[in-house]
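Me: I would like to go through the model shown here by question and answer, with the cut-offs stated as they come up.

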Amino acid sequence: MKKFLICALCLALLVPIGGCNQDGGETELDINNNLLLCDFESQDDLNLLSGGNYFGKYVLNENAQYVKSGGKSLALTPTGYGLEDSADPYLIVQPWKADEKYGDFASVEGVQFDIFNANAEDKEIEVCLLYGTASDDLETPKIKYTLAAEKWTKVIYKNDTENFDLIYDLADLREIHIYFENVAVLEEEKKNYYLDDFRLCYAEEDLPKANIALDENEFCTFEKDYQEFITYTSGYGAYNSYVPALSLNKDALYAKEGTRSLKVDCPHGAKQDGSWIMFRFSDKLIKAADFAKYQDDCSFVFDVYNDSPVSMRMELDFFADGRDTHAVNFYAAPGEWTEVRVSLADVNETLKPKKESGETDEDVANKPSGCEALNGLAVIWGEFPGDSPADDRVYYFDNFRFEKNA
Ligand SMILES: [Ca+2]
Ligand SMILES: [Ca+2]
């Protein structure tokens, strides 16, 4: 009886989520609130898939030995470019191709699938999501899974809504990525993995969203757990290969305040200023910090430690849509902390509202001030050439704060 009631409840919950799949049949949430997105039973399921980094082959499989549910599964032969040093190939799943509403991950707890490792040895895969952000699209942190040889593994990637909401648009899930190891030899006939029973797991209750708490005069100290997720990478030009690895440093030696800071590992590029690379702060943090509540006699201040042998020009950029950018150059000397200080009066001046044709001075005066309109903050540098990892550069940033001018 209890089971029946639960089923009835689930059916009631189906209404907002359920819809027609590509066969015209009903798609349903199961008793665990899961949506079976792909069971790889028909050719249509393949429409949701594509490959990254020259993935290789994916075809339907009917050999029951490699089927987890239903009568078929997906056979994967990830080969990539076939070169030893090429990037790892990845399978792309795009749920919104089944139905637009499946691109909204605000109430998705996680992604789940079964995968069979048909290789003689254990293998590792990595999974992440690709979301839209305020400036671009961006992958969530990759999670590694070990697949035992000749066995099925159930993989669950958690959609960390509370932290992901800081920089990703949860309503704009573009792709799910499954990364495989790059193999140097093409073996067309060998089917290395089988995928089946691909599900989106929906939450029964609202999932937590970004929860930004700030101390007095704080912008970001990196001491609070959510601040591990507060920055993200972007850039201009062909910057993708040179984005830094951003991580939370917990070595107090490289913290100016407290015990944590942001570590920015900048890989060398090919050509000086061939592209521009940046890390940005969450636009939600910028809103929460409310720059406008600090007056013109205050400054935005932070500390930076250059753990590399050379000093390069970096730039702190303040963005407001439709206005000029306030750009502040700084150089951090090797092996020491450098304090960078930016007058908010200067930010207000550069980002001041513009007078459009037909507007009076009063119209302009009624527009948001520079600090009110501020909606982007980034640290930017030019691509720099190098030959080996020894040419990479490491910076630590800490204690972004507001201070009253002396
Ligand atoms: Ca199946
Ligand atoms: Ca700190």
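Predicted model: local features only at pLDDT ≥ 70, side-chain atom pairs only at ≥ 80, totals over all residues.

Reply: Residues are numbered from 1 along each chain as its sequence is written, and chains are lettered from A and ligands numbered from 1 in the order in which they are written.

Me: What percentage of the residues of the protein chain count as buried?

Reply: A residue is buried if 20 or more other C-beta atoms, placed from the backbone, lie within 10 Å of its own, exposed if 12 or fewer, and partly exposed in between. The C-alpha trace of the protein chain spans about 75 × 55 × 45 Å along its principal axes. Of its 406 residues, the buried share is 34%.

Me: How far apart do the C-alpha centres of domain 1 and domain 2 lie?

Reply: The assignment, whose bounds come from an automatic or database source, gives domain 1 (17-202) and domain 2 (218-404). Eight residues of domain 1 are in contact with nine residues of domain 2, where contact requires C-beta atoms, placed from the backbone, within 7 Å. The C-alpha centres of the two domains are separated by 35 Å.

Me: In E25, which residue is the bridge partner of Val301?

Reply: Helices (H or I, at least four residues) and strands (E, at least two) are DSSP runs numbered from the N terminus, and two strands pair if DSSP finds at least two bridges between them. Strand E20 (residues 298-306) runs antiparallel to strand E25 (residues 393-404), with eight bridges joining them. E20 also pairs with strand E23 (residues 337-343), in the antiparallel sense and over seven bridges. On the E25 side, the partner of Val301 is Arg401.

Me: Which residues does Gly382 touch, not counting those up to four places away in sequence?

Reply: Gly382 lies in strand E24 (residues 376-382), and Gly382 counts as buried because there are 20 C-beta neighbours inside 10 Å. Gly382 and Gln272 are 110 residues apart in sequence, yet their C-alpha atoms are 6.7 Å apart in space. With residues up to four places away left out, Gly382 touches Gln272, Asp273 and Trp276.

Me: What value is phi of Asn33 near?

Reply: Most residues other than glycine have a negative phi. Asn33 sits in the loop between strand E2 (26-27) and strand E3 (34-38), and is partly exposed, because 18 other C-beta atoms lie within 10 Å. Its phi is positive, in a residue other than glycine, and near 70°.

Me: Is Asn53 buried or partly exposed?

Reply: Asn53 is placed in the loop between strand E4 (49-52) and strand E5 (56-61), and phi of Asn53 is positive, near 55°. With 17 other C-beta atoms within 10 Å, Asn53 is partly exposed.

How values were computed. Contact = placed C-beta atoms within 7 Å.
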